[in-house]
Amino acid sequence: MVGWALVPWIALIGIGCGAQRVRLDGVSECPEDVPSRPPDPPSYQDLACIVVAAREAPSLTAAQHRVVARAASDLAAGETDTSRAEALADEGLEHARKALTQEDHPVSHYYVGMLWGLAIARRPLAALKALPSIEHHLRLAAQGTPDEDAGGPLRVLGMLYVKAPAWPQGIGDTDKGLELLEQAVVTHPEHPLNLLFLAQALRDNEAEGWEQRVPDLVRQAQELLERRDFGWPARRWRRELESLAH
Amino acid sequence: MRRWGIVALLVLAPAALEARSLVLCYPGGGVKARDAQPSTEKMLRLVEQLGGWKAGTFEPFFTAKADECERWMVEKKPDFAIVTLGYWLDHGASDGWEPLVQPKVHGKTTEVFRVVVRKGTYRDLEGLKGKALGGTPLAEPRFVERVVFQGRYRLSDFDARPTQQALKALRALHERELEAVMVNDQQYRSIDSLPFGGELEAIFQSEPVPLMGVVGQVQRTTPDERKRLQKAMQGFCGHPDGKGFCELFGIDAFLPANGSVYDAVRALWK
């Protein structure tokens, strides 16, 4: 029956997969130090150099740990191989957690929440157990620094509510998720990922008017990508926009 | 002797390697097919391992849409399926679907359906006639009328509004867009976790309804295959990869489904 527990249980099941440190090829002449601000736009070379330098660094400040977390997240975002993307997310999460240990900063909560979600995306059992903690970190980030990464905390928290298993199995709440994604688009229409996430959520949930809105959002996001260089992560955004357009 | 072994292997190999399909229907469950499909595949890999099938033997098809479920059960001609009790009562016996296992959840192999309202607004279903009734179980009207209401009420007695997500329906109840919501056991147990949960009360409770599990198609599968799947599912919660999930979702075990368990609801269906 509809209330029967077996189906949602099966829908979430998964078997754990391990993570290992990713080899970053094609990187040369990297600076030895980790910068205290992320590169803009983030090229593959810049991002990989940050991660490579962090692996060698004896110690890092909280701000540097956040930069490494961000670099690993951006590298993972542009990665086509899912296992490599997960391993990079794991590595970034390690740094985000270290940053948080050193200093309770809302940006660190954002990276912990986002990278934790990325790292366990294919491990549903771990994801299900971690969802309330991920939500906690992202809520702190959304309250403390909603404009970080052009509405990143709103965008990621919104997507978490849209993607998570619905109540009572999980924290999933489509209405709340769509509301946050709309908010991210209103406050930061200049970031293509806000438009992409909203378009995906509207389509996946067949939300009212999605057939009209999705092509508009896709077109706007593609125009933004034409006008500005968003670096390495934009590779994947382009592919996802392309698949949404068809 | 050795030659006989090879001959036997050649004869048996086609059957052993034959692809098997499983349709998984979850209408009104708030789980998206896109999200569920990979997980369903992983679950089946473990079932294959436990049942001694070659990895990849089973091909799963997940749907959260009732009409798609009906269509796939015909078009894809699955060998096994996970369907709702409503579907099985409607098509099961006539189409040759044999219940293989049922889950035991929180110590029970049955569940109860309730109708909840805002406290003090209605006392019984009589008073609710003509009023807006929502909830995920309404995705299967015949099941609700015949099994949950045991023929005493029809959904047309109410302003029935099936809902994809239970939370959405309960929120609408709280905001007075609905006057009542039908919930299953799991949803009812979790109502207290909602900020407005304390403002709701149940005014109707069904008789216990047996949980439905995995079914096998008797014309397309052999008794041995059905037995293997039954055994694999029975071992699922005891396996390290399956145990965590069983614990997490309060599933104690999968028990062999005894056809007689469903006799009472089948009598209601006629």
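In chain A, the contact between helix α2 and helix α3 involves Y44(A), L47(A), A48(A), I50(A), V51(A) and A54(A) on the α2(A) side, and V67(A), V68(A), A71(A), A72(A), D74(A), L75(A) and G78(A) on the α3(A) side; residues are in contact if their C-beta atoms, placed from the backbone, lie within 7 Å. The model is a predicted one, in which local features need pLDDT of at least 70 and side-chain atom pairs count only at pLDDT 80 or more, while totals for chains, interfaces and linings use all residues. Residues are numbered from 1 along each chain as its sequence is written, and chains are lettered from A and ligands numbered from 1 in the order in which they are written.

The residues of this contact of α2(A) with α3(A) comprise eleven nonpolar, one polar and one charged (Ala, Val, Leu, Ile, Met, Phe, Trp, Tyr, Cys and Pro count as nonpolar, Asp, Glu, Lys and Arg as charged, and the others, Gly among them, as polar). Helices (H or I, at least four residues) and strands (E, at least two) are DSSP runs numbered from the N terminus. The axes of α2(A) (residues 44-56) and α3(A) (residues 62-78) come within 9 Å and cross at roughly 130°; axes are lines fitted to C-alpha atoms, for helices over the stretch in contact, and angles run from 0 to 180 degrees between N-to-C directions. α2(A) is therefore oblique to α3(A) (under 35 degrees is roughly parallel, over 145 roughly antiparallel, 65 to 115 roughly perpendicular and the rest oblique). The crossing of α2(A) past α3(A) is left-handed, that is, the near helix is turned anticlockwise from the far one by less than a right angle, clockwise being right-handed.

Helix α9 (residues 192-204) and helix α10 (residues 210-227) of chain A pack at about 160° with axes 9 Å apart, so α9(A) is roughly antiparallel to α10(A). The crossing of α9(A) and α10(A) is left-handed. By class, their contact holds 13 nonpolar, one polar and two charged residues.

In chain B, five strands form an open sheet of mixed pairing in the order β8-β7-β9-β6-β10, where two strands pair if DSSP finds at least two bridges between them. Strands β8 (159-162) and β10 (200-205) of chain B are the edges, each pairing on one side only. The twist from one strand to the next averages 30°. β7(B) (residues 132-135) and β9(B) (residues 180-183) pair in the parallel sense over two bridges, and L133(B) stands opposite A180(B) in β9(B). Helix α7 (residues 166-174) of chain B lies across β6 (114-118), β7 and β9 of chain B, running at about 155° to β9(B).

How values were computed: Contact = placed C-beta atoms within 7 Å.
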